[in-house]
Amino acid sequence: APIGAGRFETLVSEGFFEECRVFRVLPNFMAQFGINGDPDVQAKWNWNYLEDEPVAASNSRGALSFANAGPGTRSTQLFINLNDKNSFLDER
């Protein structure tokens with residue numbers, strides 16, 4: 001997923017995640033993060049969505065994936081899979 005990897009690299013290099021906290025943990029499912037604590041920093045990315053890409057690897061334990069609210073809505077929020085039974089997310 002080169003588009004997603006590029007976005008992740010940009011966010012890291014710009015220090016976006018320095019003010020982020022994990023804000024949702026669903027035990028044995030996922031931990032989600034990616035909302036910056038500075039409203040001005042977050043505003044830059046709010047509507048800067050990524051185009052969808054084909055799934056390159058399944059959502060298995062330890063995999064990092066962009067969260068989305070439907071097609072074409074990946075932005076800054078990511079989640080870490082906490083089990084090997086999340087392959088149903090591959091279709092989203």
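Rings of Phe, Tyr and Trp, the last taken by its six-membered ring, pair if their centres lie within 6.5 Å. All views below show a predicted model.

**View 1. Ring pairs link four phenylalanines into a cluster.** The members are Phe-8, Phe-16, Phe-17 and Phe-33. Across the whole structure, a search finds four aromatic pairs. Phe-17 and Phe-33 form one that is edge-to-face, with 5.6 Å from centre to centre and 65° between the planes. This pair links distant parts of the chain. Phe-17 lies in the loop between helix H1 (2-13) and strand E1 (24-26), while Phe-33 belongs to strand E2 (residues 30-33). The two are 16 residues apart. Both Phe-17 and Phe-33 are buried.

**View 2. Trp-47 and Tyr-49 form an edge-to-face pair.** A pair of aromatic rings is described by the distance of the centres and the angle of the planes. For Trp-47 and Tyr-49, the centres are 6.0 Å apart and the planes stand at 85°. Planes over 60 degrees apart count as edge-to-face, so the pair falls in that class. Trp-47 is exposed, at a relative accessible area of 70%. Tyr-49 is partly exposed, at 35%.

**View 3. Nine residues make up the largest nonpolar core.** In soluble globular proteins, nonpolar side chains tend to be buried together. Here the core holds Leu-11, Phe-16, Phe-17, Cys-20, Phe-33, Trp-45, Leu-50, Phe-66 and Leu-78. Trp-45 is one of these. Neighbours within four places in sequence aside, Trp-45 is in contact with Arg-7, Thr-10, Leu-11, Glu-14, Phe-16, Ser-75 and Thr-76.

**View 4. Four strands form an open sheet with antiparallel pairing.** The strand order is E1-E2-E4-E3. E1 and strand E3 (64-66) stand at the edges. Each has a single partner strand, so one side of each is left without a neighbour in the sheet. On average, neighbouring strands are turned by 20° against each other, direction ignored. E2 pairs with strand E4 (residues 78-81) over four bridges, in the antiparallel sense. Phe-33 stands opposite Leu-78 in E4. Both Phe-33 and Leu-78 also belong to the largest nonpolar core.

**View 5. Gln-32 is a buried residue of strand E2.** Its relative accessible area is 6%, and buried means under 20%. The side chain of Gln-32 makes a polar contact with the side chain of Gln-77, at 2.6 Å. Not counting residues up to four places away in sequence, Gln-32 touches Arg-21, Val-22, Phe-23, Arg-24, Ala-67, Gln-77, Leu-78 and Phe-79.

View 6. Ile-3 is partly exposed, with a relative accessible area of 30%. Asp-52 is 49 residues from Ile-3 in sequence and 8.5 Å away in space, C-alpha to C-alpha.

**View 7. Asn-28 has a positive phi.** The angle is about 60°, although Asn-28 is not a glycine. Asn-28 sits in the loop between E1 and E2. Asn-28 is exposed, with a relative accessible area of 55%.

Notes: Residues numbered from 1 in each chain as written. Predicted model: local features only at pLDDT ≥ 70, side-chain atom pairs only at ≥ 80, totals over all residues. Heavy atoms only, no water. Phe/Tyr/Trp six-rings, centres within 6.5 Å; stacked < 30°, edge-to-face > 60°. Buried < 20%, exposed > 50% of the residue type's maximum accessible area, 1.4 Å probe, protein only. Pairing = 2+ DSSP bridges. Axes fitted to C-alpha atoms, helices over the stretch in contact; angles between N-to-C directions. Polar contact = N/O pair within 3.5 Å; in protein donor to acceptor, adjacent residues only side chain to side chain. Contact = heavy atoms within 4.5 Å. Core = buried A, V, L, I, M, F, W, Y, C linked by side-chain atoms within 4.5 Å.
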